[in-house]
Amino acid sequence: GQFKQPFSLERNMPCHALYTVNRSMVVEQLAMDRDMGFMFFGDYKKKVSYNLAVMNGTGLGAIDDNNAKDWVGRVVVTPITGVDIGGGFRYGTSAPSVVDAEDDTHTRGGLDLAVTYNEFKFFAEYIYGKDEGSYTEGGGCGGPGDIVEGSKKRNGMYAMLVWSTKWNLEPVYKYEFFEEDMDLSDNT
C-alpha cells in the first residue's frame, strides 16, 4: 500500500501532531513522505522496534518510473522508559531527470533521540542526504516539491524542547541547522 516511509522521527509525526507549525527544514528537504511499497515491522520485548520497507521511490500516487526499488529502514532502541534512540536509512534509484542518463541515486542516513521526563519532551534529529543526478527541493505538508537537475550533498539537524504545562500551554524552544550544499562554504 501507500504509507509514510519509515525514516525520520519528525517525518512520521502527522501534520496535526507537530509541536511547531512546520516540520524542520532538514526533514522537509531530506525525508520523503509517502510512497508505495510493502513493509516488515515489529518489536523485541518493547525495547527494540524495527521497520524495513521496499518502496517505489517515486512518491505519493506516482507510478514507478524504473525497475529498481528503494530500501528504507528504521530501528528504535528504548534502553529505559522515556528514552528512544533511533536510526534510519534510505537508498534507492529513480528514472533520470535527463534523457539517456543513468538512473538518479538517493542516499539518506539519520539519527534521532526522543526523551520524555515528567512534563518535558526533548527531540533531536540529524539527517545526511546525498543525491546524484537530480534532487528535490521544497515540499512537505504543503506540496510535493520541485525536481532540480544536478548532484548535491546536504545535512542538518534540529533540537526541540517542549514543556506541557498544567494550563494546556506548550512552550517550544527549537533550534535548527540546515546545510543546503555541503560542497560550498558558508551555506547554512
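The model is predicted, so local features need pLDDT of at least 70 and side-chain atom pairs count only at pLDDT 80 or more, while totals for chains, interfaces and linings use all residues. Residues are numbered from 1 along each chain as its sequence is written, and side-chain values use heavy atoms, with hydrogens and water left out.

Asp 64 sits in the loop between β3 and β4 (70-77); helices (H or I, at least four residues) and strands (E, at least two) are DSSP runs, numbered from the N terminus. Leaving out residues up to four places away in sequence, Asp 64 touches Asn 56, Thr 58 and Lys 69, contact meaning heavy atoms within 4.5 Å.

I turn now to the sheet. Nine strands form an open, antiparallel sheet in the order β1-β2-β3-β4-β5-β6-β7-β10-β11. Two strands pair if DSSP finds at least two bridges between them. Because β1 (2-4) and β11 (172-179) at the edges each have a single partner strand, one side of each is left without a neighbour in the sheet. Strand β2 (residues 34-44) pairs with β3 over eight bridges, in the antiparallel sense. Phe 41 stands opposite Asn 51 in β3.

Finally, Phe 123: apart from neighbours within four places in sequence, its contacts include Leu 9, Met 13, Tyr 19 and Tyr 158.
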